[in-house]
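Keep the sequence and the coordinates at hand while reading.

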Amino acid sequence: MADAIPSMEDAREALKKHKIVIAGVGETEQGKIPNKSSFHFLSEASKIAIQDAGINKSDVDGLITAFSLVEHTFMHCTTFADYFGFRPKFFSSVAIGGATAVWMVAEAAMAIASGQADVVLCVRGDNTLSGISSSGMMALIREMCHAEFEFPYGLTTPGGYALAAQRYLHDYSAKQEHLAAVAVTMRKHAGMKENAMNKEPLTVEDVINSRIIAEPLHKYDCSIISDGGAAFIVTTEDKAKELGIQKPLVYLWGMGQGYSHQYLTTLKDLNQIYSAIERSGQRAFQTAGVEPKDVDIAFLYDCFTITVLLELEGLGFVPKGEGGPFALEGRMEIGKDLPVNTHGGLLSQAHLGAMHHVVEATTQLRGEAGPRQVEDAEVALVHGNGGIVSAHSTVLLGKEPLS
Amino acid sequence: MSEEKEYAKPLPEFRPETKPYWEACKRHEFVLPRSKVTNEFFFYPRALSPGEDMSEDIEWAKASGKGKVWTFAIHHMGPTKAYKGEPPYVVALVEMEEGVKMMTNIVECDPKDVYIGMDVEVLFDDVTPDVTLPKFKPVKK
């Protein structure tokens, strides 16, 4: 049921008034790093982001964390505040799976706009690769699927996405190559990023010939698992100036969410997923006053190759069913129509939800992406997806203030 | 009891509102919950109708047990150690004649022969003395 999207004028006015910015980013080493705990990564990433902004730890007065897949805590944000040694005025844990990182930006903005905090540290870190076995990752599906009506049939996490992929291939006469092309582009981009886990070039044939995990998805259709942390600092242009932040500021232009289902059992059809992605995107686009054609660079949630195609189409970058050819023609590569995940994404760089998607979007808009720099990148879109393409969040970021 | 080793795959943990479903499965009867206010079927079972009516007046209606494969994924790896060494199996979403979907396994056929739109019907797999899982097999033409 696609309900009408209300006017985004109020949201637009709030963002124009407060001029919310990302003023610092940090990423630790990513990969197999067995000697560091989840809270170590969180602390290290926070420190790097604070130093990147050039501010003091005591300047930070808000904290948003997510969750750990390794160290389960009842109150994640305050557990980390204690470990890191600070007492934020505002604190919150966002736990909407892969939609988390993108929504951290939005939640920080809302906290700032409502006077709860001035400088919000958003951070996630985990020793996922070293801390839980691959069988533990396969069993993570239990947390997302229905433990009583789905899990007893042996559903795995890749299997859940394979269910969506199979239907997509059927509805749009798409082919395995179309999915594979997404992984190929992500790998190509990861090859240009120093801090990326998998850089060996990959071909469409390599993906299709890789081990079958859950048909139609192969090993390279699935994201990697890694250890590491990443963080970003959200504040206002005024506060950034007051603190003497020298780094180029990246402005929040719009945000939105869209929900489809939690359990695949209750999914009506693929259009229900598209509607959720579209709703999330449209809220952000209408707030920002821009359209898909105005986006210079996109960061799409790529936990599996299928999600990128659904998001390209749902967000309105290409018509439904045309994401595959778009990917296969290499049009998501740097220098082409719409560069996507210039850091290599979850398929090749590192898996920390969309944290690195936000960090790379900021890096690109700052013009600091080095060999990966997209020329004249002024508007970036970041989209997160949690559950099995069930919960969506989108932000639009700009190089200049929203006008 | 047979000499087969103990069933080690994940089992459903019944909730008060889902128990009638599992009890019917144990009797090899296929039922689906329906709001008595709207007469609409829903699945999975809940204590209140997920419709606008939010009704607690739920009935367990005898269902056809017939449906079509809406999508499927051939699993070459399972979620737990208990699946180790097992041949590939099919996890599917079946759209029932009553309009609701359910997740299940397609059995009694080669996974390669499963297709979207395939007509399937329920069978009951007594996996433990307490739990019977409804699964689906192709309808013989």
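Two residues are taken to be in contact if their C-beta atoms, placed from the backbone, lie within 7 Å. The model is a predicted one. Under this cut-off A:Leu252 touches A:Leu15, A:Ile20, A:Val21, A:Val105, A:Ala109, A:Val395 and A:Leu397, with residues up to four places away in sequence left out of the list. A:Leu252 also belongs to the largest nonpolar core, which has 166 residues. Together with A:Val105, A:Val120, A:Cys122, A:Val234 and A:Leu397, A:Leu252 touches the most other members of that core. Helix 4 of chain A, residues 100-113, gives the core its largest share, 10 residues. In soluble globular proteins, nonpolar side chains tend to be buried together.

Next comes chain A as a whole. Chain A is made up of 403 residues, of which 60% count as buried, and has 16 helices and 11 strands. Along the principal axes, the C-alpha atoms of chain A fill a box of roughly 55 × 45 × 40 Å. The radius of gyration of chain A is 19 Å, which agrees with the value near 22 Å for a compact globule because the rule is applied to 403 residues. If contacts in chain A between residues at least 6 apart in sequence are considered, 77% of them join residues at least 24 apart.

A:Glu71 gives a view of one loop of chain A, the one between strand 2 (62-65) and helix 3 (76-84). Is A:Glu71 buried or partly exposed? A:Glu71 counts as partly exposed because 15 C-beta neighbours lie inside 10 Å. Apart from neighbours within four places in sequence, A:Glu71 is in contact with A:Ser38 and A:Phe39. From A:Glu71 to A:Ala276 the separation is 205 residues in sequence and 31 Å in space, C-alpha to C-alpha.

The two chains meet in a contact that takes 27 residues from chain A and 31 residues from chain B. On the side of chain B that touches chain A, strand 3 (66-75), strand 4 (89-96) and strand 5 (101-106) of chain B each supply at least two residues. That side of chain B has 18 nonpolar, eight polar and five charged residues. Strand pairing also crosses between the chains: strand 5 of chain A (residues 212-215) runs antiparallel to strand 3 of chain B, and two bridges join them. A:Glu215 stands opposite B:Ile74 of strand 3 of chain B.

A:Glu215 leads on to the backbone geometry. A cis peptide bond, with omega about 15°, joins A:Glu215 to A:Pro216. A:Pro216 sits in the loop between strand 5 and strand 6 (217-218) of chain A. In chain B, a cis peptide bond joins B:Phe43 and B:Tyr44, with omega about 10°. B:Tyr44 is in the loop between strand 1 (31-35) and strand 2 (58-62) of chain B.

The loop between strand 1 and strand 2 of chain B also holds B:Asn39, which is not a glycine but has a positive phi of about 65°. B:Asn39 counts as exposed because 9 other C-beta atoms lie within 10 Å. In chain A, A:Ser173 has a positive phi of about 50° and is likewise not a glycine. A:Ser173 is placed in the loop between helix 8 (157-172) and helix 9 (176-190) of chain A. With 9 other C-beta atoms within 10 Å, A:Ser173 is exposed. Most residues other than glycine have a negative phi, and most peptide bonds are trans.

Methods. Residues are numbered from 1 along each chain as its sequence is written. Chains are lettered from A and ligands numbered from 1 in the order in which they are written. This is a predicted model: local features need pLDDT of at least 70, side-chain atom pairs count only at pLDDT 80 or more; totals for chains, interfaces and linings use all residues. Helices (H or I, at least four residues) and strands (E, at least two) are DSSP runs, numbered from the N terminus. Ala, Val, Leu, Ile, Met, Phe, Trp, Tyr, Cys and Pro count as nonpolar, Asp, Glu, Lys and Arg as charged, and the others, Gly among them, as polar. Two strands pair if DSSP finds at least two bridges between them. A nonpolar core is a set of buried Ala, Val, Leu, Ile, Met, Phe, Trp, Tyr and Cys residues joined through C-beta atoms within 7 Å. A residue is buried if 20 or more other C-beta atoms lie within 10 Å of its own, exposed if 12 or fewer, and partly exposed in between; C-beta atoms are placed from the backbone. The radius of gyration is taken over C-alpha atoms; the globule rule is 2.2 Å times the number of residues to the power 0.38.
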